[in-house]
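Good morning, and thank you for making time for this presentation.

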Amino acid sequence: MLTCGRFISSSAATSTASFFPFRTLTRSLVRRPAPHLLSSASAAAATAVELDTNDGSAGGGAGVVRPQWKAAIDFKWIRDNRDAVADNIRTRNSTANLDLVFELYDQYLTLQKEVERLRAERNAVANKMKGKLDPSVRQALVEEGKNLKEGLIALEEDLVQLTDKLQLEAQSIPNTTHPDVPVGGEESSVLRKEVGSQRSFNFAIKDHLQLGKELDLFDFDAAAEVSGSKFYYLKNEAVLLEMALVNWAISEVSKKGFTPLITPEIVRSSVVEKCGFQPRAKNTQVYSIEDSDQCLIGTAEIPVGGIHMDSILAESALPLKYVAYSHCFRTEAGAAGAATRGLYRVHQFSKVEMFIFCRPEESGKWHEELITIEEDLYASLGLHFKTLDMATGDLGAPAYRKFDIEAWMPGLERYGEISSASNCTDYQSRRLGIRYRPSPSEPPSTSTKKGKGAASGPTQFVHTLNATAVAVPRLIVCILENFQQGDGSIVVPEPLRPYMGGLELLSPKFK
Amino acid sequence: MLTCGRFISSSAATSTASFFPFRTLTRSLVRRPAPHLLSSASAAAATAVELDTNGDGSAGGGAGVVRPQWKAAIDFKWIRDNRDAVADNIRTRNSTANLDLVFELYDQYLTLQKEVERLRAERNAVANKMKGKLDPSVRQALVEEGKNLKEGLIALEEDLVQLTDKLQLEAQSIPNTTHPDVPVGGEESSVLRKEVGSQRSFNFAIKDHLQLGKELDLFDFDAAAEVSGSKFYYLKNEAVLLEMALVNWAISEVSKKGFTPLITPEIVRSSVVEKCGFQPRAKNTQVYSIEDSDQCLIGTAEIPVGGIHMDSILAESALPLKYVAYSHCFRTEAGAAGAATRGLYRVHQFSKVEMFIFCRPEESGKWHEELITIEEDLYASLGLHFKTLDMATGDLGAPAYRKFDIEAWMPGLERYGEISSASNCTDYQSRRLGIRYRPSPSEPPSTSTKKGKGAASGPTQFVHTLNATAVAVPRLIVCILENFQQGDGSIVVPEPLRPYMGGLELLSPKFK
């Protein structure tokens with residue numbers, strides 16, 4: 001059994017004689033080492049890490065490590081759309097191995113048939129033994145039965161391993177792509193909308209770090225001592241600014257029918273994986289908790305997606321719309337070359353996130369709604385920004401389509417991403433196990449965990465969408481740099497003033 | 001070298017011949033295993049855990065001795081001059097500090113230090129003798145002697161380092177001194193300082209906050225148990241507004257009193273956690289650690305705020321420095337199995353607004369009174385019924401010189417529950433965090449000089465630090481829901497919070 005990441009275990013070697021040709025074949029297929037998987041999207045998707053509650057020693061021990069969860073993969077659909085799926089994998093620069101998936105799937109079907117055949121034989125033998133028999137005949141049947149049983153156990157074991165491997169491979173296949181999404185790398189992303197224009201200044205402008213120093217708004221140096229680089233304290237009016245952004249965003253978005261939430265920031269690693277993130281990958285963005293299967297969230301998308309995990313929702317309850325406030329933690333490992341100045345890239349920040357669970361036919365509409373809410377928010381703050389339809393190479397595994405907003409940051413002399421809105425269709429819901437029952441006569445309850453109900457029609461997977469309302473540090477960068485004045489003061493955007501006790505201006509302090 | 005917690009390393013065994021009697025003596029003293037230390041206050045205080053950057057969780061240790069990452073500035077002379085009082089204090093606080101061992105090691109230390117100095121002098125003498133013109137055999141003898149002395153010196157100096165480390169480890173476990181008015185004994189000996197309000201009598205069957213939260217769709221513990229584990233929760237709807245209101249209101253009220261608002265990191269280096277008096281590596285620690293890192297999650301903003309002036313010399317004119325800090329707090333609550341764990345009363349993650357003061361020693365008593373008054377005013381204005389207690393010696397913990405706890409009445413849980421704590425830590429934390437000030441009237445008006453020497457008069461002194469909870473959100477939500485519930489299931493919003501909730505006066509049941 002292949003496992004990735006830090007814990008390597010070896011499968012229990014069984015020594016059943018080579019009774020069944022399939023066993024040898026599948027075994028070699030299953031146990032082929034595949035180091036590339038360590039960095040593939042599937043690496044964390046299907047790999048279980050046993051709870052190591054002792055002392056951090058390498059796990060494994062006896063027995064095989066099985067995946068903690070399985071995505072509900074539609075293999076038939078993949079088979080019927082092989083070329084499109086292969087194309088999609090390519091344009092998204094995914095490391096998913098489609099040929100291997102098909103190979104394993106065929107093996108799986110064949111092995112499954114064989115297992116069924118053996119079961120039938122075993123039942124036949126058992127039936128034969130019901131009547132009165134000659135002792136030698138009976139003995140022969142008992143022997144045959146025993147052999148069949150042993151062979152069956154071995155094959156079933158192989159089937160489990162094969163299924164796990166098939167899952168692992170298949171889960172790394174990225175989501176399908178909206179037909180309008182531009183193909184290519186980051187530079188191929190297409191401008192959807194542009195609001196405002198770059199302000200021209202008649203004085204020498206400063207970046208947010210300089211402004212923050214003069215206004216006594218942050219302390220990066222003390223935080224570097226206490227916590228490490230890319231940590232910071234917010235001080236004085238910057239505290240009010242953060243609280244105002246959060247309060248304002250929750251207020252504005254909940255007016256549009258989103259239910260406010262405050263979420264856990266520690267979650268089980270399996271939930272992180274189900275949302276499409278990789279806690280165990282090299283250069284992972286995810287912090288893990290020692291001696292635990294828990295992680296810190298990098299976004300409220302994770303605990304909100306998880307809130308309806310393994311549930312069947314009533315159709316009448318959809319869409320479920322949440323606006324969630326949390327702190328977010330990101331390792332930013334592998335971001336060494338990227339822009340890391342000041343508040344632009346930090347390990348901890350506050351964010352208000354929008355999340356929608358809806359019927360499949362509505363996700364396109366809700367995606368448009370979410371990006372409109374974002375654009376309205378930033379326009380009302382007076383920011384100049386561009387909305388981009390992100391190209392295939394920049395989507396990441398879960399997104400069917402993704403709109404990013406990049407705002408002008410004059411002090412950093414660049415457009416910087418301040419939000420992202422993704423339609424994940426059924427990618428996350430197939431992993432989180434979130435379905436709904438399409439029916440007109442459903443009783444008005446929001447959800448039934450694992451319920452069966454009396455309604456008509458099979459359950460369907462919901463679609464999920466997530467979108468940033470406010471990510472505080474980059475908005476602080478935008479506000480400070482765009483609204484600075486010649487005398488070093490900062491004009492507070494109007495919508496935020498009521499949340500700052502009416503404060504209109506951040507003024508330099510003399511020390 | 002003794003190390004505690006998960007990583008055990010063995011000291012490099014040196015095989016220098018028994019040239020110096022002191023070496024054998026101190027070595028046996030230093031390397032005696034002391035398992036009780038794993039739970040003493042010092043366990044984390046002086047033990048270094050080597051960074052395991054390989055990522056495979058293998059036990060560290062490797063080559064070489066693991067030395068402490070930091071040292072408290074212990075006043076050994078003061079301890080020696082006040083031996084009985086210190087011993088008494090250790091006893092009444094139920095501390096596991098071993099004072100006799102401290103004295104033993106301190107004497108050893110003094111003796112060994114003298115010996116080292118003596119050898120150094122001898123070595124210098126030999127070096128001097130070799131300066132002139134000498135007979136080759138005489139020179140050779142001197143070279144031999146010099147070499148022996150050098151080897152012996154290196155060995156002794158090594159022992160001195162180990163001895164010093166062990167002395168520090170033991171001494172750092174000695175708890176802070178105690179205010180003379182603090183009642184002696186366990187929790188039941190704590191003394192009532194003040195009582196505000198009285199238990200409300202209800203003319204209907206009351207519910208606890210969990211029941212109220214369910215009916216008002218305010219929390220979800222079940223989904224959180226699936227996503228995160230037990231003792232986690234989602235806040236929903238008006239509970240979100242209530243949390244934001246409590247935080248906004250507290251920051252606003254406290255900053256009006258001259259406290260500088262702060263939002264702090266929630267991930268900090270474990271050494272900073274230790275310096276504040278907590279124990280990330282102890283069994284049943286309250287502290288979450290980050291994998292493959294020397295970092296931890298904070299259990300209180302006291303830690304990053306205390307750290308903000310780490311290793312600094314502050315100008316006297318800058319004192320007092322008063323901060324009001326908002327952060328999320330994370331606590332494992334390991335070992336709290338038998339304690340009250342219902343609903344929001346005991347959770348792994350919560351929001352808190354914390355007050356923190358750095359001041360001159362002579363003022364800490366005054367600021368302690370000021371902090372508890374601020375707290376009492378806050379809770380009285382919310383309409384809560386509560387008691388302020390002067391906590392007894394057995395309940396102080398290592399850093400506090402004196403601690404006032406406030407316990408508020410929670411009718412649904414049928415108990416008084418702690419909603420805040422205000423501690424005067426005097427110089428306990430500052431001696432570990434390295435925070436001093438320079439007493440001088442003519443200091444330039446800058447807030448701090450890191451490791452600076454300055455031109456002022458007088459030696460530097462350690463500041464005193466105090467910390468006090470302004471609002472710890474979940475328990476206040478418990479208080480508000482349970483105390484202000486009405487017969488129809490609605491909750492009256494305390495007046496001071498209404499402006500922060502868009503004027504909302506009532507949380508009403510929703511029909512589903």
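In chain B, Asn237(B) sits in the loop between E3 and helix H8 (238-256). Its phi is near 50 degrees, a positive value in a residue other than glycine. When I say helix or strand, I mean DSSP runs numbered from the N terminus: H or I over at least four residues for helices, E over at least two for strands.

Some conventions before I continue. This is a predicted model, in which local features need pLDDT of at least 70 and side-chain atom pairs count only at pLDDT 80 or more, while totals for chains, interfaces and linings use all residues. Residues are numbered from 1 along each chain as its sequence is written, chains are lettered from A and ligands numbered from 1 in the order in which they are written, and side-chain values use heavy atoms, with hydrogens and water left out.

Let me stay with strand E3 of chain B, residues 234-236, which pairs with E4(A) in the antiparallel sense over 2 bridges. Pairing here requires that DSSP find at least two bridges between two strands. Within this pair, Lys236(B) in E3(B) is the residue opposite Leu261(A).

I turn now to the interface as a whole. How many residues does each chain bring to the contact? Chain A contributes 50 residues and chain B contributes 50 residues, with contact meaning heavy atoms within 4.5 Å. Between them the two chains bury about 4,900 Å², of which 60% is on carbon and sulfur atoms; buried area is the accessible area (1.4 Å probe) lost when two parts are put together, summed over both.

Across this interface there are 2 salt bridges, each defined as a side-chain nitrogen of Lys or Arg within 4 Å of a carboxyl oxygen of Asp or Glu. Glu290(A) and Arg281(B) form a salt bridge through their side chains, at 3.2 Å from N to O.

On the side of chain A that touches chain B, several elements supply at least two residues each, among them helix H7 (220-226), strand E4 (259-262) and strand E8 (320-329). H8(A) gives the most, with 6 residues.

Finally, the cis peptide bonds. In chain A, one lies between Leu318(A) and Pro319(A), with omega near -5 degrees, and Pro319(A) is in the loop between strand E7 (311-314) and E8. In chain B, Leu319(B) and Pro320(B) are joined by a cis peptide bond with omega about 0 degrees; Pro320(B) belongs to the loop between strand E7 (312-315) and strand E8 (321-330).
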